[in-house]
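Please read the report below alongside the sequence and the model.

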Amino acid sequence: MSTFFSQTNMLLMSVWSCFFGQDEEDGTEMGEGDEWMQGKTLIKPLDQLDLTEAELKEEFTRILTANNPHAPQNIVRYSFKERSYKPISSVDQLAVHFVLEGNLLHQDSDEARRQRAKQGLPEGRYDFQSTHAAGGEDAGDVEEGGGEERADSVESKVGKKEQKITNQFNFSERASQTLNNPLRERGCQTEPPPRANFSATANQWEIYDVYLEVLQKQEKNKEKAKAVPKKDDDKGKKKMMLVETQSDDITKVAKVAKIIERMVNQNTFDDIAQDFKYFEDASDEYREQEGTLLPLWKFQYDKAKRLSVTALSILTPLFPPDDFTKQGRGMLVFYSLKNSTFPEYIYPTTSGILCLDIHKHLPYLVAVGFYDGCVAVYNLKEETLQPIYKSTAKSGKHTDPVWQVKWQKDDMDNNHNFFSVSSDGRVVSWTLVKNELVFTDIIKLSLAGAVSEGPEGVQLPIMACGTSFDFHKQIDYLFLVGTEEGKIHKCSKAYSSQFLETYNAHNMAVDAVKWNHFHTKVFISCSSDWTVKIWDHTIKTPMFTFDLNASVGDVAWSPYSSTVFAAVTTDGKVHTFDLSINKYEAICQQPVVAKKKTKLTHIEFNPVYPIIIVGDDRGYVTSLKLSPNLRKKPKEKKGQELPKGPEVEIAKMEKLLSLLREPENSNA
């Protein structure tokens, strides 16, 4: 440390002698009176400076960075995206102070060979041992050393200087060298979007002229639509619809608008959607044998407010006129749970629709029955609002209202067919052959012992009025027909002249008759005489009879249990029964309409979700969720697995029927 200070003092002294020392020429010492010294600051040695010990020990920190102080900081480039000049954040900080090209050559390169040939060095790899070895003794020593040795060891032995390749750079240890990541520049250049200036003036007469042009285009489109030849009516209607859609610009965004409408409705009715998926009535734990119905969506169409719901199929309500004596227009409407405020499809009709059925395998085919006796088939894939098939007087249409239609399996020629029943007493099979409906009378319902006199004294049988029918789930040829006189006939497709069995079921018209989904012998019926009856088709008397204190509009079996069914009455109530829990009364009786005069007309179970839908005579369709007690299943005990499947449901119903059959068997 002392050495450092002494050297520093010497350096300062030399500076002092250089600037403020003796004059080399005359040897005189410059004094304070010299003119050139006036006003100048003198530099003194450290030992002559008046500095305290604290000032001497004070440390000054200087931070060295890799940034180039001379690098520009205000470089800007044009951004096509923002259409303005933007400063560049990253600037190259590399500063090159010295560049020298090296003179090293690879020993195997052509240039190295030429230099060795010029200097007279041997060909091949440059070897210090082979070129600088002196004498055989030294070479032998090298061989005894066992392999190549370092050049410095050979030099020490030989005593001759070797040709060293000088290092053209400053030497530094390899451990202190670090790899600097190379700077990479990434840029993107795009073409600016085309722009154009538009300017126009708008005034009253120009707006008027534009409206006139639009009206003229519409009139031309109508004239083109009328000019279509009348040979192909359906094609003409399709073309007319296409022309109308092309003229209407809003149809271009119809699909997008439909999706947005569903999104808005799902956000609006989000609480109902949450209840539909997750809500379970916790109060059922405190009620052993009772359940409730939770109202969900309510489907309503303004143009069908005064029409009555006459048929339901998940989810397709029908709206014929409310007063059957004053028949007018009808409507076929398709709803979706994704949008309960407006129908997905709307098909207006000139006559009221009383029934419908959707094909199981081809859900876009819908068969309907009209009040005027016609039957028709609609194809939802077609753009036209007219049915693709419709019966006429020439093709055997019914003479009275059609009360029910049912799709059946395809015939031997793979033609689709369905059945219909009407008040004219005919059960007809309709086959879709090419472009027409071909009918076949299956059976005519006649009253036993009732005849009427025809022309020339001929006695004609009086026909019964069919109101409902249903086909067996497993036996294809077997079906039941309910009549307006209160009787139920068991019929077969193979016999067109007689009934297999007749049941004196009700005192008034049979509104519905349906086979059980699981048990092959059980069916249910309901009537306007306030009763719901459950039958075994091998026994003429009912197994169960329930009085609901009001006219029963419809009844339906549940798809998940053989003992659960529901019925609707004209007093606005839904009655839900589970025979395995209570054989005497309903486990749920709940009104689902706000107005007392509203009558419920139809009910249907959803085959997948635990909900039901009901329709009333004011054009509303209401969806209801069943509480856990209404779809209760036996609890599994620990270590015990309960059997599942249709066999279990059949056994449940068979157990109930066996209790009722035992007295009859003992008397026999």
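Ser 422 is buried, because its relative accessible area is 0% (buried means under 20%, exposed over 50%, partly exposed in between, with a 1.4 Å probe and protein chains only). Ser 422 belongs to strand S13, residues 417-422. Strands here are DSSP runs of E with at least two residues, and helices are runs of H or I with at least four, numbered from the N terminus.

This is a predicted model: local features need pLDDT of at least 70, side-chain atom pairs count only at pLDDT 80 or more, and totals for chains, interfaces and linings use all residues. Residues are numbered from 1 along each chain as its sequence is written, and side-chain values use heavy atoms, with hydrogens and water left out.

Beyond four places in sequence, the contacts of Ser 422 (heavy atoms within 4.5 Å) include His 398, Trp 403, Cys 465 and Gly 466. Asp 400 is also among them. A polar atom of the Ser 422 side chain lies 2.9 Å from the backbone oxygen of Asp 400.

Lys 86 sits in strand S2, residues 84-87. Lys 86 counts as partly exposed, because its relative accessibility is 36%. Lys 86 and Ile 75 are 11 residues apart along the chain, with 8.6 Å between their C-alpha atoms.

Next, a sheet. Four strands form an open sheet in the order S22-S23-S24-S25, with antiparallel pairing. Two strands pair if DSSP finds at least two bridges between them. Strands S22 (510-515) and S25 (544-547) are the edges, each pairing on one side only. Four bridges join S24 (residues 531-536) to S25. Thr 531 has Asp 547 as its bridge partner in S25.

Confidence is given as pLDDT, from 0 to 100 for each residue. The protein has a mean pLDDT of 77, and 73% of its residues reach 70 or more.

| Stretch | pLDDT | Contacts beyond near neighbours in sequence |
|---|---|---|
| Residues 1-42 | below 50 | 27 contacts |
| Residues 127-157 | below 50 | 24 contacts |

Terms used:
pLDDT = per-residue confidence, 0-100. Polar contact = N/O pair within 3.5 Å; in protein donor to acceptor, adjacent residues only side chain to side chain.
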